[in-house]
Amino acid sequence: MARGRGSAMVVATALLCMLLLQSEMAHAAVYTVGGAGGWTFNVAGWPKGKRFRAGDILVFNYSPSAHNVVAVSKAGYDGCSTPRGSKVYQTGKDRIKLVKGQNSFICSFTGHCQSGMKITVVAA
């Protein structure tokens with residue numbers, strides 16, 4: 001009989017773990033960068049007032065012939081530069097999962113970042 005209880009406990013623990021993992025994924029929010037206007041100039045203030053969490057998704061909508069999205073470090077963000085090895089997105093419908101801490105993005109087309117086409121968000 002003890003063997004049956006032990007098996008039931010293992011199954012119950014496994015089910016609880018699966019439930020917790022699913023609830024964590026279910027809480028991820030999806031944000032469209034720039035709102036209805038999409039990823040364009042002067043979006044640097046878009047994150048203000050929003051609370052982001054690791055695992056949330058940012059959706060960047062834009063014309064790929066006119067813009068791109070580059071994940072950069074703080075230095076890349078501050079200097080509007082694309083450090084070697086930076087991830088460049090160019091589909092026009094990019095979905096990027098936030099990691100804990102600072103997440104910064106710029107458009108690397110000439111002059112776009114300098115014209116405010118950049119955002120940084122901090123995910124808890």
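**View 1. Burial of Cys-113 in the predicted model.** In this predicted model, Cys-113 has a relative accessibility of 2% and therefore counts as buried, the limit being under 20%. Cys-113 is also one of the members of a nonpolar core of 6 residues, which includes Val-72, Tyr-77 and Cys-80 as well.

**View 2. The disulfide of Cys-80 and Cys-113.** The sulfur atoms of Cys-80 and Cys-113 lie 2.1 Å apart and form a disulfide. The link is left-handed, with -70° about the S-S bond. Distant parts of the chain are joined here, as the two cysteines are 33 residues apart. Cys-80 belongs to the loop between helix H2 (74–79) and strand S4 (87–89), whereas Cys-113 belongs to the loop between strand S6 (101–106) and strand S7.

**View 3. Cys-107, a cysteine in no disulfide.** Cys-107 takes part in no disulfide, and the nearest cysteine sulfur, that of Cys-113, is 8.3 Å away. With a relative accessible area of 1%, Cys-107 is buried.

**View 4. The largest nonpolar core.** This core has 19 residues, and those with the most contacts inside it are Trp-39, Leu-58, Phe-60 and Ile-119. Strand S2 (57–61) and strand S7 (118–123) are the elements that give two or more residues to the core. Strand S7 gives the most, with 3 residues. In soluble globular proteins, nonpolar side chains tend to be buried together.

**View 5. The surroundings of Ile-119.** Beyond its neighbours within four places in sequence, Ile-119 is in contact with residues including Val-33, Trp-39, Trp-46, Leu-58 and Phe-60.

Terms used:
Residues numbered from 1 in each chain as written. Predicted model: local features only at pLDDT ≥ 70, side-chain atom pairs only at ≥ 80, totals over all residues. Heavy atoms only, no water. Core = buried A, V, L, I, M, F, W, Y, C linked by side-chain atoms within 4.5 Å. Buried < 20%, exposed > 50% of the residue type's maximum accessible area, 1.4 Å probe, protein only. Helix = DSSP H or I, 4+ residues; strand = E, 2+ residues; numbered from the N terminus. Contact = heavy atoms within 4.5 Å. Disulfide = S-S within 2.5 Å.
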